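This briefing is for a reader who is meeting the structure below for the first time. Please look at the sequence and the model before going through the points.

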Number of protein chains: 2
Amino acid sequence: MNRRKFIQSTTLAAAAAGTSRLWAQAAGSGDRERQDIYRHVDSHQDDHLSKLRQYLRQPSISSTGEGITECADMVRRFMVDLKFTEVELVQTPGHPVVWGHYDAGARKTLVVYGMYDVVPIFRPELWEVPPFEARIVDKPGLGKALVARGTGNTKVPFRALLNAMESILSVRGELPINVMCVVEGEEELASRNIGVAVEKHRDKLKTGDACLDPKYLQNEQGLIELTLGAKGNTYLHLECSNERRGIGPSGGSSSRFSALFGNPAWRLVEALSTMVDNDGLNIKIEGYMDMHRLLPEDLELIDAMLERYDPSVLLSDAKASNFLPGLSKRDILIRYMLTPSFNISGIRGGFVDEDGRATRLPGKAFVKIDCRTVPELDHRQIVPLVRAHLDKHGFQDIGIRVFGSYPYFKTSYRNPQVQTLIQTYRNYGHEPLLFPLRASSGPYGYHFTDPPLSLPFLYGGLGHAGHFHAPNEYVIIEGEGNLASLPEVEKFYVDLIYDFAAGPERPGKS
Amino acid sequence: MNRRKFIQSTTLAAAAAGTSRLWAQAAGSGDRERQDIYRHVDSHQDDHLSKLRQYLRQPSISSTGEGITECADMVRRFMVDLKFTEVELVQTPGHPVVWGHYDAGARKTLVVYGMYDVVPIFRPELWEVPPFEARIVDKPGLGKALVARGTGNTKVPFRALLNAMESILSVRGELPINVMCVVEGEEELASRNIGVAVEKHRDKLKTGDACLDPKYLQNEQGLIELTLGAKGNTYLHLECSNERRGIGPSGGSSSRFSALFGNPAWRLVEALSTMVDNDGLNIKIEGYMDMHRLLPEDLELIDAMLERYDPSVLLSDAKASNFLPGLSKRDILIRYMLTPSFNISGIRGGFVDEDGRATRLPGKAFVKIDCRTVPELDHRQIVPLVRAHLDKHGFQDIGIRVFGSYPYFKTSYRNPQVQTLIQTYRNYGHEPLLFPLRASSGPYGYHFTDPPLSLPFLYGGLGHAGHFHAPNEYVIIEGEGNLASLPEVEKFYVDLIYDFAAGPERPGKS
């Protein structure tokens with residue numbers, strides 16, 4: 001397809017899919033400036049799409065380092081081009097964080113969280129297009145999609161927000177708000193060094209009113225799934241080894257010796273069985289569940305969700321046959337979002353060839369446990385509680401390694417900045433589904449929501465994206481039905497910026 | 001070294017190491033025939049060694065099939081050359097079994113068990129010589145060694161027995177006993193098809209007086225470690241899978257779904273914890289330990305062993321630091337040889353990269369259990385007991401696969417055929433250590449010891465061998481101290497044949 005024709009068709013599609021209402025509203029309010037910005041967005045789709053593709057075509061795989069330096073520099077130039085007053089590559093022990101400050105001298109300040117890294121191409125043979133070419137592919141029932149690694153997660157929403165800023169700047173000369181960008185290159189490595197940049201610019205960040213994480217939030221049905229936080233995660237490695245026990249062969253041996261030494265795999269099984277029962281659902285570690293609270297506000301949101309949301313979609317998300325028997329829809333949502341876990345991600349010891357046969361006494365066995373934390377589990381208590389539990393039950397020799405630990409974070413839907421965001425959605429005809437917490441964990445949010453910054457955290461954006469971390473990751477750029485097309489996605493960000501500018505300041509900001 | 005010089009030197013070394021006593025005895029008894037045979041053995045060492053090497057240079061790896069056909073044919077030709085009256089390759093669903101019958105019309109019949117297969121070369125880089133060249137290497141403190149895969153396990157002792165027969169035949173014209181050879185090519189695959197040949201020749205085998213398994217039985221100190229049987233083994237694979245449960249993602253998923261489905265790895269851990277405790281040493285499966293008996297005769301042998309055998313050598317065998325605390329030497333031997341096990345050979349589920357971090361809900365988890373059986377555990381009861389235990393504890397969904405199951409076997413040291421063997425050892429100045437049972441399992445013995453054959457089973461041979469299944473597998477062919485050299489090994493077999501011929505018949509043989 002010829003590019004100009006494409007832009008025309010997306011503009012038309014967007015108009016057909018709800019933008020008309022917005023145009024009417026903006027026109028009705030006499031807001032000529034906003035109309036000029038919308039027109040700029042529409043007339044610059046060619047350039048905006050080109051900028052998305054430039055960003056997508058730059059690999060930036062944090063786990064291998066491929067393209068990281070170049071991509072960080074590209075993000076830096078994005079900000080320079082937008083006349084940010086301060087742009088810096090903050091060096092860390094890992095990949096750099098791009099810091100950008102646009103100081104308009106405005107009353108309100110939006111902190112934008114971003115990530116420029118992506119996960120690797122795990123199974124290249126399953127991609128229908130090359131993962132770093134950013135081709136456009138038809139997705140019947142959804143629309144036209146841009147397919148590339150990093151599209152939805154999260155290069156397109158981030159660049160779409162910058163495109164919106166660019167249109168505002170082109171028409172208006174400056175943004176109506178101050179902006180601070182913190183764009184990390186290690187989100188896929190559990191955001192292990194973002195704290196360096198947050199700490200470095202703490203005093204400025206404290207002046208923010210909210211933190212925005214640009215995301216495509218429409219599900220396949222077009223509903224906005226707006227989450228208000230994310231679970232924490234503490235990742236443990238528990239190991240029982242003959243070396244640590246001081247008994248038996250540290251490298252393993254023939255199993256004929258097992259009765260002389262005991263078996264570290266059995267010992268680990270026994271220790272684990274004291275910690276959890278009921279298929280892993282009942283956590284028996286002393287003190288662990290005592291921290292758990294089902295907050296009335298969260299339950300209120302779940303009850304509200306149930307009117308419009310059928311949790312049975314989670315079965316297809318997980319590619320699962322059935323839930324545990326006897327769960328009500330409400331139970332399912334509570335378990336999905338608000339229930340602590342102490343999950344075996346993996347367990348291994350000895351000879352593990354599935355179809356093989358070898359008689360071994362393992363030298364050690366280990367288990368990898370992920371603890372997803374929800375209100376009001378204090379992630380810093382997990383290791384001490386597990387240690388005390390193991391010691392109390394006689395397993396002093398079982399070692400604990402911590403591979404990472406960060407807290408859950410959440411913002412109340414009553415927060416005025418969240419209400420502003422919800423209102424912007426309503427202006428686009430969307431009543432968001434409010435999820436109290438993402439079921440998956442978020443390793444960076446707490447840097448912004450916890451003291452000293454204490455910012456409300458907003459995921460935000462129109463549009464539909466899918467296949468994160470999987471082959472053929474995509475965003476829809478020309479949506480069918482009520483799925484937003486790229487121009488509408490950008491206009492939404494324009495409006496969010498204006499609505500945010502007009503909304504209340506954060507109390508207590510310094 | 002020039003070959004002739006080598007033979008001379010081995011003959012001298014053998015004479016120095018104890019053969020002189022034997023010569024004196026044979027000469028003293030006026031047994032000129034035996035002296036002629038010894039001389040034949042000595043004067044044909046060049047040829048005998050060449051035959052060992054021919055056999056060792058023929059690879060015969062049962063797990064891959066490499067060289068199996070050629071090696072089976074070589075063993076067949078060995079028997080043809082020895083004028084066996086009946087030689088046959090018994091075809092099985094796997095590798096053929098070589099059957100040979102030498103019918104001397106004698107009063108006594110010796111069944112010889114053999115195996116012509118070997119395990120693969122797992123780590124070729126650790127071999128100091130090519131594993132199928134059969135080179136001679138100095139082993140300080142032990143002597144000169146023939147190093148090759150399959151030396152000790154078991155090509156050299158088998159061929160040395162045939163060499164002994166050849167010398168008897170050359171001097172005497174015929175053997176003083178009847179011989180039936182059953183030489184399988186799948187011992188390293190748990191002897192899965194030897195039963196085909198045993199069944200085919202059952203009526204002849206029932207006329208046997210004993211079954212001999214030629215082995216190099218001297219340990220590094222020169223002591224004869226004569227075991228009177230071997231443990232059985234039942235190898236189980238227990239699996240808990242979402243597919244079988246009908247709940248959750250059969251292929252696994254992100255762990256954010258864990259509370260909706262439960263976790264098959266946790267479920268497996270919980271099931272296992274009901275079966276065993278105390279580091280795997282206390283088996284709680286209902287009915288399992290009720291079958292166990294410590295037989296007075298076995299305890300008698302252990303008490304006798306303790307006068308001459310320090311079980312702390314097992315620490316170095318296992319490359320282990322310490323035994324479980326508080327075990328007496330007697331406890332150690334009882335646990336090593338006479339205690340049932342229900343051992344985790346391996347356990348695996350989910351994400352098992354030791355140093356990695358991934359949050360997964362496993363789709364399944366499995367454990368591989370080896371049950372070493374001792375008197376009087378009936379291996380056929382194990383699966384029904386485990387199934388009943390799992391069902392009783394609510395784990396009907398945990399599946400059991402049986403990868404193999406065979407019983408223990410043993411012969412009383414009071415058996416007259418065993419006493420004949422012991423006397424032959426005494427004639428060579430050795431008082432064997434009698435182990436009631438090999439700690440490792442033996443997958444073929446029961447075919448001979450159980451009805452309908454009911455043969456006494458004799459491991460037998462002089463000489464020292466080591467590194468079975470490991471790099472640089474060897475036998476000593478020119479021993480230092482009291483380690484037998486090849487001529488003495490062969491003469492021992494000559495004497496064993498004569499002593500067996502002169503000994504009592506098996507009562508009840510048909």
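In strand E20 of chain B, B:Tyr459 is the residue that stands opposite B:Asp213. The model is a predicted one.

**The six-stranded sheet of chain B**

- Strand E7 (residues 210–214) of chain B and E20(B) run parallel and are joined by four bridges.
- These strands belong to an open sheet of six strands in chain B, ordered E1-E2-E6-E3-E7-E20, in which the pairing is mixed.
- E1 and strand E20 (457–460) of chain B are the edge strands, and each of them pairs on one side only.
- On average, and with direction ignored, neighbouring strands of this sheet are turned by 20° against each other.
- Helix H15 (residues 416–427) of chain B lies across E7 and E20 of chain B, and H15(B) runs at about 15° to E20(B).
- At the other end of the strand order given above, strand E1 (residues 86–90) of chain B pairs with strand E2 (residues 97–102) of chain B over five bridges, in the antiparallel sense.
- A hairpin of six residues leads from E1(B) to E2(B).
- Opposite B:Glu86 stands B:His101, a residue of E2(B).

**The four-stranded sheet of chain A**

- Chain A has an open sheet of four strands in the order E4-E5-E22-E21, with antiparallel pairing.
- Strand E4 (135–139) and strand E21 (465–466) of chain A each have a single partner strand, so each is left with one side that has no neighbour in the sheet.
- E21(A) is joined to strand E22 (residues 474–479) of chain A by two bridges, and these strands run antiparallel.
- A:Ala465 has A:Val475 in E22(A) as its bridge partner.
- Helix H3 (residues 45–56) of chain A packs on this sheet and touches E4, strand E5 (143–147) and E22 of chain A. The direction of H3(A) makes about 40° with that of E5(A).
- Helix H5 (residues 151–172) of chain A lies across E5, E21 and E22 of chain A, and H5(A) runs at about 50° to E22(A).

**Where chain A meets chain B**

- How many residues of chain A are in contact with chain B? The count is 87 residues of chain A, in contact with 87 residues of chain B.
- The size of an interface is often given as the accessible area lost when the parts come together.
- Between chain A and chain B, about 6,600 Å² is buried, and 55% of it lies on carbon and sulfur atoms.
- There are 10 salt bridges across the interface of chain A and chain B. One of the salt bridges joins the side chains of A:Glu354 and B:Lys364, at 2.5 Å from N to O.
- Polar contacts between chain A and chain B come to 64 residue pairs, with both residues at pLDDT 80 or more.
- On the side of chain A that touches chain B, strand E13 (residues 343–350) of chain A gives the largest share, eight residues.
- By type, the residues on that side of chain A are 37 nonpolar, 28 polar and 22 charged.
- E13(A) also pairs with strand E13 (residues 343–350) of chain B, in the antiparallel sense and over five bridges.
- In this pairing, B:Gly349 of E13(B) stands opposite A:Ile347.

**Backbone details in loops**

- From A:Pro375 to A:Glu376 the peptide bond is cis, with omega near -5°. A:Glu376 is placed in the loop between strand E15 (364–373) and helix H14 (382–392) of chain A.
- From B:Pro451 to B:Pro452 the peptide bond is also cis, with omega near 10°. B:Pro452 is in the loop between helix H16 (445–449) and E20 of chain B.
- A:His469 has a positive phi, near 65°, and is a residue other than glycine. The loop that holds A:His469 lies between E21 and E22 of chain A.

Note on methods. Residues numbered from 1 in each chain as written. Chains lettered and ligands numbered in written order. Predicted model: local features only at pLDDT ≥ 70, side-chain atom pairs only at ≥ 80, totals over all residues. Heavy atoms only, no water. Pairing = 2+ DSSP bridges. Contact = heavy atoms within 4.5 Å. Axes fitted to C-alpha atoms, helices over the stretch in contact; angles between N-to-C directions. Buried area = accessible area lost by both parts, 1.4 Å probe. Salt bridge = Lys/Arg side-chain N within 4 Å of Asp/Glu carboxyl O. Polar contact = N/O pair within 3.5 Å; in protein donor to acceptor, adjacent residues only side chain to side chain. Nonpolar A, V, L, I, M, F, W, Y, C, P; charged D, E, K, R; others polar.
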